[in-house]
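User: I am new to this structure. Please walk me through the terms used for it.

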Amino acid sequence: MSRALLVIDVQESFQRLPLWPTMSNPDIAQSVSRLVDHARAEGDLVVWVLHSEPGSGGVFDPVNGHLRLLDGLTPDEGEPTVVKTSHNAFTSTNLDQTLTRRGVRELAVCGIRTEQCCETTTRVGSDLGYDVSFVIDATSTNPVAHRDAPAGRSVEDLLADPRTLRTEEIIARTEYALAGRFASIRTVAEVTGVR
């Protein structure tokens, strides 16, 4: 086994956020499920990654019960689940050791958020020597407020602000930042061979 699919933060916590309706790919569980089915059929390792913020009191705090995969996604026996407290899936977990023990050298990355945990994991994975494919249409993100925008604004105010970075812009920026430097940009259809 030399390949692994990393499913990053495709968890209920995000559905609990007010920004969930603005996500670029609200059907991300379906896209990820296609990749998972393909990886399993190919004999590749599937690694499930969850984001946790213990003690925060928010939707990522494990005590609130939202640190579970979105409906329709279930690990098979033997598929590891790692729980991270950093943006990337390597720094605060044993992911690198898990992959190394299994002889993994190639990664496919999918999940939530495109430019945050997915991109950061891709960059670190590349720096660690993995050959990374970033499956762009199996990631999802939401609009991002300008750094000078006031905190606590409504979703409507965020979307009305012309300084807000739109999901299409975020995804395009991520493609440009990663392609040829940290990863190959691929689609679900390209990975699975099924349109």
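User: Which strand is joined to β6 by bridges, and how many bridges are there?

Analyst: Strand β5 (residues 131-140) is joined to β6 by three bridges, and the two run parallel. Two strands pair if DSSP finds at least two bridges between them, so β5 and β6, with three, count as a pair. Strands (E, at least two residues) and helices (H or I, at least four) are DSSP runs, numbered from the N terminus.

A note on the source: this is a predicted model, where local features need pLDDT of at least 70, side-chain atom pairs count only at pLDDT 80 or more, and totals for chains, interfaces and linings use all residues. Residues are numbered from 1 along each chain as its sequence is written, and side-chain values use heavy atoms, with hydrogens and water left out.

User: What is the order of the strands in the open sheet?

Analyst: The six strands run β3-β2-β1-β4-β5-β6, with parallel pairing.

User: Why are β3 and β6 said to stand at the edges?

Analyst: Each has a single partner strand, so one side of β3 and of β6 (184-186) is left without a neighbour in the sheet. On average, neighbouring strands are turned by 25° against each other, direction ignored.

User: Which helices pack on the sheet?

Analyst: α4 touches β1, β3, β4 (106-112) and β5. Helix α6 (residues 167-178) touches β5 and β6. Contact means heavy atoms within 4.5 Å. The direction of α4 makes about 175° with that of β5, and the direction of α6 also makes about 175° with that of β5.

User: Why are α4 and α6 called roughly parallel to each other?

Analyst: Their axes cross at roughly 10° and come within 11 Å. Angles under 35 degrees count as roughly parallel, over 145 as roughly antiparallel, 65 to 115 as roughly perpendicular and the rest as oblique. α4 and α6 are therefore roughly parallel. Axes are lines fitted to C-alpha atoms, for helices over the stretch in contact, and angles run from 0 to 180 degrees between N-to-C directions.

User: Which residues of α4 and α6 meet?

Analyst: From α4 they include E119 and R123, and from α6 they include I170 and L178. The contact residues divide into four nonpolar, three polar and four charged.

User: What makes E119 and R123 a salt bridge?

Analyst: Their side chains meet at 2.9 Å, N to O. A salt bridge is a side-chain nitrogen of Lys or Arg within 4 Å of a carboxyl oxygen of Asp or Glu, so the pair at 2.9 Å qualifies. The two are four residues apart in helix α4 (residues 114-127), separated by about one helical turn.

User: Is E119 buried or exposed?

Analyst: Buried means under 20% relative accessible area, exposed over 50%, partly exposed in between (1.4 Å probe, protein chains only). E119, at 4%, counts as buried, whereas R123, at 28%, is partly exposed.

User: How many salt bridges does the structure hold?

Analyst: Eleven. Among them, K84 and D9 have their closest N and O atoms 2.9 Å apart. K84 lies in strand β3 (residues 81-84) and D9 in the loop between β1 and α1 (12-15), so the pair ties together parts 75 residues apart in sequence. K84 is buried at 0%, and D9 is buried at 0%.

User: Which residues are linked in a network of salt bridges?

Analyst: R3, E42 and D44. The E42 and R3 side chains meet at 3.4 Å, N to O.

Terms used. Nonpolar A, V, L, I, M, F, W, Y, C, P; charged D, E, K, R; others polar.
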